[in-house]
Amino acid sequence: MPAITIIGAQWGDEGKGKATDLLGEHVDYVVKFNGGNNAGHTVVIRQEDGQSEKYALHLLPSGILTAGVTPVIGNGVVVDLAVLFEELTGLEERGVDISKLKLSASAHVIADYNRQLDKVTERFLGSRKIGTTGRGIGPTYADKVNRIGIRVQDLFDESILRGKVEGALELKNQLLSKVYNRRGFTVDAVVEDLLSYADRIAPMVCDTGLLLNEALDQGETVLLEGGQATLLDVDHGTYPFVTSSNATSGGACTGSGIPPTRIDRVVAIVKAYTTRVGEGPFPTELFDASGAYLRDNGHEFGTTTGRPRRCGWYDAVIARYAARVNGVTDFVLTKLDVLDGLDEIPVCVAYDVDGVRHDEMPVNQTDFHHAKPIYEMLPGWKEDISGARSFDDLPANAQAYVKYVEEISGAPMSVIGVGPARDETVIINSLT
């Protein structure tokens with residue numbers, strides 16, 4: 001069977017967790033292929049008694065919440081082992097089966113010095129800061145590229161681990177003490193901390209690339225779940241205000257060990273408006289009551305950081321860009337219900353850059369920074385749409401909104417989210 005990739009089409013926080021959870025009942029494996037605990041998914045599951053259970057996941061794949069699914073942390077992820085076991089313990093206490101989790105032996109591990117360097121570097125940058133979460137993600141990916149990183153498999157050979165830590169600290173302690181005026185780390189302390197996790201992770205560590213390819217050969221379905229989103233991709237995002245990994249569909253291959261020929265469906269999650277956390281340009285950002293309305297109604301605060309998200313209207317330019325870069329076959333439009341009650345809804349269809357219209361993403365950072373949105377105004381609706389379960393259940397103006405953004409975004413809107421719970425969904429075309 002082919003694999004399915006889920007990615008974010010904007011700057012993250014689009015609702016990938018809900019989409020992954022929705023698909024989870026129809027797949028056998030769910031794989032997190034990039035990022036670390038610098039982003040999160042919130043999954044809301046309605047119980048048989050009508051009550052809702054909310055789960056905030058940061059490092060774990062959303063598939064861990066679905067019975068029968070094997071959750072996998074792929075080689076493209078950077079792993080904070082303390083966070084991993086904190087999340088696993090929290091889920092276990094709530095009755096979630098965590099026994100099937102698999103962890104790539106080639107995934108890189110976040111060490112204490114990576115977290116420290118992330119925090120002090122961001123403070124050092126001052127007004128030029130990137131807006132990182134300070135969790136050591138960037139420095140760990142930098143170590144990976146510089147070939148001084150620590151991988152999960154290194155925890156099972158103390159001599160290799162010690163040699164790698166010694167090599168890393170020769171440089172990093174110089175930076176911490178002489179540039180940032182911070183105390184350095186001892187090799188013994190770092191090695192002892194990392195080795196303390198070895199016995200606990202041993203049962204879950206394997207060659208996940210082999211595991212997933214064999215699963216596909218046996219006719220099983222693999223869902224590849226991206227962290228962050230297209231506009232945060234280190235190559236294709238709004239650089240330098242990006243994450244340190246490939247969050248686009250291409251990253252699903254490098255971060256999992258599954259070749260591109262095995263993937264035949266790319267599902268992009270796009271919110272019915274736009275949000276962003278951290279620094280960087282944001283053409284449709286709102287600084288008025290409309291922005292506050294979207295933030296309050298959409299509960300736009302970060303799953304991982306709690307930071308209020310910057311909010312703006314739907315941007316079809318970046319949706320088209322995401323469709324092109326990722327080869328999107330289906331969009332999932334989330335949080336349409338947040339727009340309930342508006343008289344009219346602006347949709348950004350193009351940019352004005354110094355008097356020149358851009359229907360596609362400007363090629364350089366300066367033009368994107370100066371881009372002004374060109375809006376088309378659509379009529380809103382006053383009805384509560386959270387009870388809709390088919391497209392025909394939606395008010396006429398809500399239907400028109402969906403059809404319009406579909407037409408200008410580059411791929412069909414196959415699923416519409418009308419509320420946070422799993423069942424608050426309108427399915428137009430099945431994703432499986």
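Me: Which residues have the most contacts inside the largest nonpolar core?
Reply: In this predicted model, the largest nonpolar core has 57 residues, and those with the most contacts inside it are Tyr314, Phe331, Leu336, Leu339 and Tyr401. Helix H13, which covers residues 396-409, gives the largest share of this core, namely five residues.

Me: And what does Phe331 touch, apart from its close sequence neighbours?
Reply: Leaving aside neighbours within four places in sequence, Phe331 is in contact with a list of residues that includes Ala9, Ala268, Val270, Ala319 and Ala323, and also Ser409, Pro412 and Val415.

Me: OK, switching to the sheet: what is its strand order?
Reply: The sheet is open, with ten strands in the order S9-S7-S5-S2-S10-S1-S11-S15-S19-S20, and its pairing is mixed. Strand S9 (205-206) and strand S20 (425-427) stand at the edges with a single partner strand each, so one side of each has no neighbour in the sheet.

Me: Where does H13 pack on that sheet?
Reply: Helix H13 touches strand S15 (330-334) and strand S19 (413-417), and its direction makes about 135° with that of S19.

Me: In which sense do S5 and S7 pair?
Reply: Strand S5 (residues 70-73) and strand S7 (residues 102-104) pair in the parallel sense over two bridges, and isoleucine 73 has leucine 103 in S7 as its bridge partner.

Me: Last topic: which residues does UniProt list for "active site"?
Reply: The unreviewed UniProt entry lists Asp13, His41 and Lys144 under that heading. Lys144 lies in helix H4 (residues 137-145), and it counts as partly exposed because its relative accessibility is 31%. Beyond its neighbours within four places in sequence, Lys144 is in contact with Asn75, Gly76, His108 and Gly149.

How values were computed: Residues numbered from 1 in each chain as written. Predicted model: local features only at pLDDT ≥ 70, side-chain atom pairs only at ≥ 80, totals over all residues. Heavy atoms only, no water. UniProt positions renumbered as here; feature names shortened; annotations may be inferred. Helix = DSSP H or I, 4+ residues; strand = E, 2+ residues; numbered from the N terminus. Buried < 20%, exposed > 50% of the residue type's maximum accessible area, 1.4 Å probe, protein only. Contact = heavy atoms within 4.5 Å. Core = buried A, V, L, I, M, F, W, Y, C linked by side-chain atoms within 4.5 Å. Pairing = 2+ DSSP bridges. Axes fitted to C-alpha atoms, helices over the stretch in contact; angles between N-to-C directions.
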